[in-house]
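This report goes through a structure part by part. The sequence and the model are shown first, and the notes follow.

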Amino acid sequence: MKKVVGIMMILVLCVSLIACGSPENEGNSTGDGKEAEITFWMQKYGSDPAVQDKLMQEVTADFKEKTGITVKYSIIDWDSALTKYTLACTGGEAPDVADIFFTSSLIAMSNEGCGPMEVNDVVAEMGGDETWYQAGKDEANIDGDWYGIPWRFDTRVLLYNTEDFKEAGLEVPKTWDDLIEAGKVLTEADDKGNISHAGLAWYAGMSRFDQTWFTLLAQAGGQLMNNDFSKFVFDSPEGEESLQFLVDCINKEKICASSVDASYDAVSEFMAGNVSMVYGVTGETKTSIENQAPQLNGKFASAVLPNKSGEGVSSIAFSAPISIFKSTKNAEASKEWVKYFCSEEVQLKVSQELALLNSNINVMKDSYFTEDEWLKTFVEQSSRSQSGDMPISAWSQVDAWPDGPIPAMCNKVVAGEDIQQSLSEGVKGANDLIQK
Amino acid sequence: MKKFKKTKAMVLHYAGLLLVSLFVLLPYYWMIITSVKPKEEVMLSPPTMIPSTIDFSNYIQVWKTLPLARYLLNSLFVASMTTIIGVVLAVLCGYSLSRYAYKKLQKGATILMLLTQLIPSVLPMISLYFIMFKLNLANTYIGLIIAYSVWAIPFCTLMMKSYFTTTIPHELEESATIDGCSKFGTFFRICLPISIPGVVATAIFSFILAWNDYMWASIMLSNNDLKPVSVGIYDYVGQFGGNANLALTMTTAVIVTIPAIILFAFLQKYLISGLSAGAVKG
C-alpha cells in the first residue's frame, strides 16, 4: 500500500512539474503581422496597479479589434526592469516590444540578434522628429538612428505649500536669491538652531542628490559633457557654483533639512507638514499627496523651478521610448502596435489614466494638460528643460546609484567634503568609465 | 532575602524579554497600524502610534487593486513544491551522508554543500538564468521551483544529516537489522518516523525560503499570471522607489505574513526541537 502511495506521489509530482512548464513558443509567428501574437513589457505607472491593468486590457482589446493582432502585455516592476532589459539585450528572454530606458547603454550591450531595433521608418510615418520634445528625441535617437518612439516624459518642478506662502505673504520664487529669501522666511528653528520646519527640501529620497544637482548645474549654465558627448566636463566653474549652492542651502543658509540621511524623504516630510517647498518633484507627486495626505488637498501647488537668473533653462527632463526588439518574430505586427500605442489618441488616454507627462508635443497641448492647475506648470517647465540623461553607453554606470561617480560625488559634497576635490574625482571616475 | 533576589532576577529576566520583544515586534506593530490608520494619519510626523480611528477599508481595497489571490496561490504552489522536493531529496541525501558514505566522500560532500551556502545568491544568478532560458524554463513555475530547490537542498541536506547523525543512535538501526529489517525498511519504518521534528524544521526552512524570495522570481518571470506575492507587492512601488499607497502596501504585507504565521504557530514545537537537536552533541 505504502509503495503504491509513494509511486502515486511521485507521479503527481512529475505531472505537476510538467504541467507548470510553458509551451516552447508562446507567440504565433505568422510573420505577416496579421492574426499574430506579440509580447509587450512595460513598467509600472500610476498609484493604483488595477488602473494600469484595466487600461492595458482596454487598449490591447481595441488594438486587436482594429488589427487582429493579440498583444500579451506584462507589467514589470521597476526594481528588476534594468536587469530584465540587460538580459533581453544579451541573449535572454526578450519581448517583441518594450518600454525601455537607458537606450544608449542597451544598444551598446546588444548584438546582431538582440537589443532594440532601428525604427527610422516608423518615426517617418509618425510625423518625423518634430513630433517630440528634445529630451524624448535624445533618449530615442542614437547617432542619427531611431531605436524607439518617445512616449512618457518626466520633468521636475517646485512643489510648495500654498497656505505657508499665504501666511508668510510670499510670492513664488523665480531665482536662486528669491528661493533663499523665501526659505529663510519659511524656516523655523529651535533655540539650538535645529530646523523644526524647513523652508526647502531637495527632492532627494534615499539621499540621492544627483538629479537635483543636474538641475542646478543646468540652471547655472553648466554642462555635464562636452558637445560631442566624448568627455565629462562638469569640473567647471558652473559645476562648482551649483554644488556650492546645493550645500549652502543646507549648511550656510540653513533653510534646507536635506542631508545624507537616507531615511529622509522630502515629499513625506512635505506631507507631514514639516517642509514648505520641495525642489524638483515629478508629476506623480500630486497623486501621492492626495492618496496619503488628503488633509493637504487644495493647499499645495506646482511652480516652474527657480533658477540662477530667473530666465532660460531651469529643469531637467527624462523620457523613454517604446522599442521593438531585434529578436521579434513579428516585426510588422510589432511596428503596428508601436504606431498604435504611441498615437496621440492612445498616448493622451495613457497619460490621463497613469498620471504621466508625454514626450509628444501635440499630446501635451491638449486641454487636459494646459487647463489643469498642477499639470500646466509641467507643460511650461517642459519648454525650459534639458535632457537629464546623457546619450552615452556608459551612462547607466556613471549615474549608477549609489556608487556611480556622480551620485557618489554629490553625496560626498553634501556630507561636507571639499567641492573642488570631489568634482575632480567625479570627473575622473566618469571619464574613466567612458574610456573602458 | 533569598526570595527578594529570586524576584529581582525574575523581574530583570522579564524586563529583558519585554525589551527585546518590543524591539522585534515594533516593525510588525507599525505594519499593522499603518494598514488600519485613516488616510490623514499615514504620513504624519511625528507619527501617531495609536490611530485615532481604526479603518479596515484597506483590507477590502487591496483585493481590488491587486490580483492578490492569484499572487498568493502562486506563492503557495511554488513554496509547497519547493518544500516537497527539498525535503524528499534532503532526507534521503542527509541519511545517506550520515550513515553510508565513506568518510572522505562524506566530508567532501559536506564541504561542497557548505561552500554553496557561502556563495552570495546573486553570483550564479545570470548563469542559472541562461540555463533556465535555454531550457525554456525561464518564465515557468518549474524554473522557479528548480531555482529555489538549488538553494534549499544543500542547507536542508546539512540540517537532516546533522539530525540523523546526532539524534538517532546506531543501535536502533542495528536492532531493526537483527529483527530482519532491510536497509530501506530501517530508514522508512524506524529512522524517518522518529525524525519528524527534523523533517518539519527542514520543511519550514524550505517553505520560508521560497515564500520570501524576491530576486529569483523578479528576474525569471515576466508573465504576470505567474507572479508570486513577494514580487506582486512591488506593484505599489514606483519608478524612483516612491510609494503612493503606503497603507495598501502595509495591508498586503499583513495579509502575506499570515500564512507564514499560521505555519509557525502550528509547527513551532517541531521547529525548535528540530533546530536544537544536535546542538549539544558533537
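How many residues of domain 1 of chain B are in contact with domain 2 of chain B? Six residues of domain 1 are in contact, and they meet six residues of domain 2. The model is predicted.

## Domains of chain B

The domain assignment of chain B gives two entries: domain 1 covers 2–55 and domain 2 covers 65–276. Their C-alpha centres are 32 Å apart. On the side of domain 1 of chain B that touches domain 2 of chain B, three residues are nonpolar, two are polar and one is charged.

## Overall build of chain B

Chain B contains twelve helices and zero strands. The C-alpha atoms of chain B fill a box of roughly 75 × 75 × 30 Å along the principal axes.

Of the 282 residues in chain B, 37% are buried. Among the contacts in chain B with a separation of 6 or more, 76% are between residues 24 or more positions apart.

## A loop residue in chain B

Tyr100(B) sits in the loop between H3 and helix H4 (103–118) of chain B. Is Tyr100(B) buried or exposed? Tyr100(B) has 10 other C-beta atoms within 10 Å. A residue counts as exposed if that number is 12 or fewer, so Tyr100(B) is exposed.

Ile84(B) is 16 residues from Tyr100(B) along the chain, and the C-alpha atoms of Tyr100(B) and Ile84(B) are separated by 24 Å.

## Contact between the chains

Chain B brings 39 residues to the contact with chain A, and chain A brings 41 residues. On the side of chain B that touches chain A, at least two residues come from each of helix H2 (57–65), helix H3 (68–99), helix H5 (125–134), helix H6 (141–167) and helix H10 (215–220) of chain B. H5(B) gives the largest share of that side, three residues.

By residue type, the side of chain B that touches chain A has 21 nonpolar, 14 polar and four charged residues.

## Helix H10 of chain A

Helix H10 of chain A takes in residues 237–251, which is 15 residues. From its first C-alpha to its last, H10(A) reaches 20 Å, close to the 21 Å expected at 1.5 Å a residue.

Which residues of H10(A) are buried? They are Gly239(A), Ser242(A), Leu243(A), Phe245(A), Leu246(A), Val247(A), Cys249(A) and Ile250(A). The elements of chain A that cover these buried residues include helix H8 (176–186), strand S9 (195–202), helix H9 (210–219), helix H19 (405–414) and helix H20 (419–435).

## Strands around S9 of chain A

In one pairing, Glu188(A) has His197(A) in S9(A) as its bridge partner. S8(A) and S9(A) form a hairpin with five residues between them. Gly193(A), in the turn, has a positive phi of about 90°.

Strand S10 (residues 275–281) of chain A is joined to S9(A) by four bridges, and S9(A) and S10(A) run parallel. Here the bridge partner of Leu200(A) is Met277(A) in S10(A).

Notes:
Residues numbered from 1 in each chain as written. Chains lettered and ligands numbered in written order. Predicted model: local features only at pLDDT ≥ 70, side-chain atom pairs only at ≥ 80, totals over all residues. Contact = placed C-beta atoms within 7 Å. Nonpolar A, V, L, I, M, F, W, Y, C, P; charged D, E, K, R; others polar. Expected span 1.5 Å × (residues − 1). Buried ≥ 20, exposed ≤ 12 C-beta atoms within 10 Å, placed from the backbone. Domains from an automatic or database assignment. Pairing = 2+ DSSP bridges.
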